[in-house]
Amino acid sequence: MTIPSLQSLRALEAAVRLESYSAAARELGLTHSAISHRVRELEARLGVRLFERQGQRMIPSARARALAEPVAQALALLAETFPAAQPARQPLRVSVLPSFAHRWLVPRLPAFRAAHPGIDLQLDARLELAAPGQRGIDAGLRYGGGAWPGLVATRLAGERLFPVWAPAYAERLGLATPADLARATLLRHLRQHWQPWFAAAGVALAEPRNGPMYEDAGLLLEAAAAGEGVALARGLLVARDLAAGRLVAPFAIAVDDQSAYYLVRPAAPRRANAAADMLAGWIRATLAAEQAPPP
């Protein structure tokens with residue numbers, strides 16, 4: 001029998017150690033489906049099941065644990081025998097809105113740097129976004145309709161919009177149904193309108209013309225968490241607040257936003273920049289892994 005590929009062995013070792021395909025995918029910079037595919041390949045070669053699903057975990061069998069131990073030792077020996085070369089790192093300076101940087105990108109940067117150690121990723125995070133080609137910017141992460149003059153846009157992911165509120169705020173006003181939003185302060189964002197969600201929820205409410213207005217989506221969510229009102233949230237940006245209980249999504253109603261996340265570059269870049277392609281691919285793969293069914 002030929003020796004399995006190094007990629008399959010790394011997938012097995014990580015999945016056994018972490019007891020999760022998704023966690024193994026994040027560590028190795030792969031997708032959930034890639035880990036699952038490589039484990040299935042090993043199972044077909046060996047003729048045994050290596051993992052069993054238990055709730056949110058993938059429990060390795062005794063055979064899987066027995067295989068993973070020498071594989072881990074072999075990987076450590078290979079890493080010691082062939083230390084990573086230290087080539088010049090390719091710089092990639094990216095402009096990005098603070099909301100996306102703080103709430104999604106920065107917490108995942110260790111995984112990106114582990115997957116692409118040859119890229120020196122530098123973030124320029126400010127509301128006044130610089131166009132690629134300005135301030136030394138190579139590429140930009142944008143949220144919008146996909147058309148920026150003079151730039152080539154690569155779509156990364158769409159968004160879903162839904163209301164969120166702080167538990168104490170809803171309790172204080174007695175909010176329970178979509179119609180109750182008529183009694184709430186609706187927080188506004190310059191480029192996110194309430195009317196499509198009202199239509200989906202079947203409530204006859206007008207687009208709010210008064211009340212707090214925010215340009216930064218991160219500040220909008222902070223205001224909602226502080227009890228200032230109800231925000232129309234983007235799913236990617238609010239996920240950590242929902243998990244922590246700072247905010248609640250009370251209704252099982254969401255609408256697709258017309259805007260999406262894009263990576264943009266000049267039509268004629270100042271240098272050939274494969275690093276921007278790697279960043280775009282890594283973001284798409286990470287989002288696909290996070291949205292895959294657990295584990």
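## Aromatic pairs

A search of the whole structure, which is a predicted model, finds 11 aromatic pairs. One of them joins Tyr143 and Tyr261, whose rings lie 4.6 Å apart from centre to centre with 55° between their planes, an arrangement that counts as tilted. This pair links distant parts of the chain, since Tyr143 belongs to strand S5 (residues 139-144) and Tyr261 to strand S10 (residues 255-266), 118 residues apart. Both Tyr143 and Tyr261 are buried.

The rings of Trp197 and Phe198 have their centres 6.4 Å apart and their planes at 70°, and because an angle over 60 degrees counts as edge-to-face, this pair is given that name. Trp197 is buried, at 0% relative accessibility, and Phe198 is likewise buried at 0%.

## Around Tyr143

Tyr143 and Tyr261 also belong to one aromatic cluster, together with Phe100, Trp104, Phe112 and Trp282.

Leaving aside residues up to four places away in sequence, Glu43 touches Val48, Arg49, Leu50 and Phe51. Glu80, by contrast, lies in helix H4 (residues 62-81) and is exposed, with 65% relative accessibility.

Phe82, found in the loop between H4 and strand S3 (90-96), is exposed with a relative accessible area of 61%. Together with Leu6 and Leu78, Phe82 forms a nonpolar patch on the surface, and the three residues have about 310 Å² of accessible area together.

Conventions: Residues numbered from 1 in each chain as written. Predicted model: local features only at pLDDT ≥ 70, side-chain atom pairs only at ≥ 80, totals over all residues. Heavy atoms only, no water. Helix = DSSP H or I, 4+ residues; strand = E, 2+ residues; numbered from the N terminus. Buried < 20%, exposed > 50% of the residue type's maximum accessible area, 1.4 Å probe, protein only. Patch = residues over 30% accessible without salt bridge, like charges linked within 9 Å, V, L, I, M, F, W, Y side chains within 5 Å. Areas by Shrake-Rupley, 256 points an atom, 1.4 Å probe, with all protein chains shown as cover. Salt bridge = Lys/Arg side-chain N within 4 Å of Asp/Glu carboxyl O. Contact = heavy atoms within 4.5 Å. Phe/Tyr/Trp six-rings, centres within 6.5 Å; stacked < 30°, edge-to-face > 60°.
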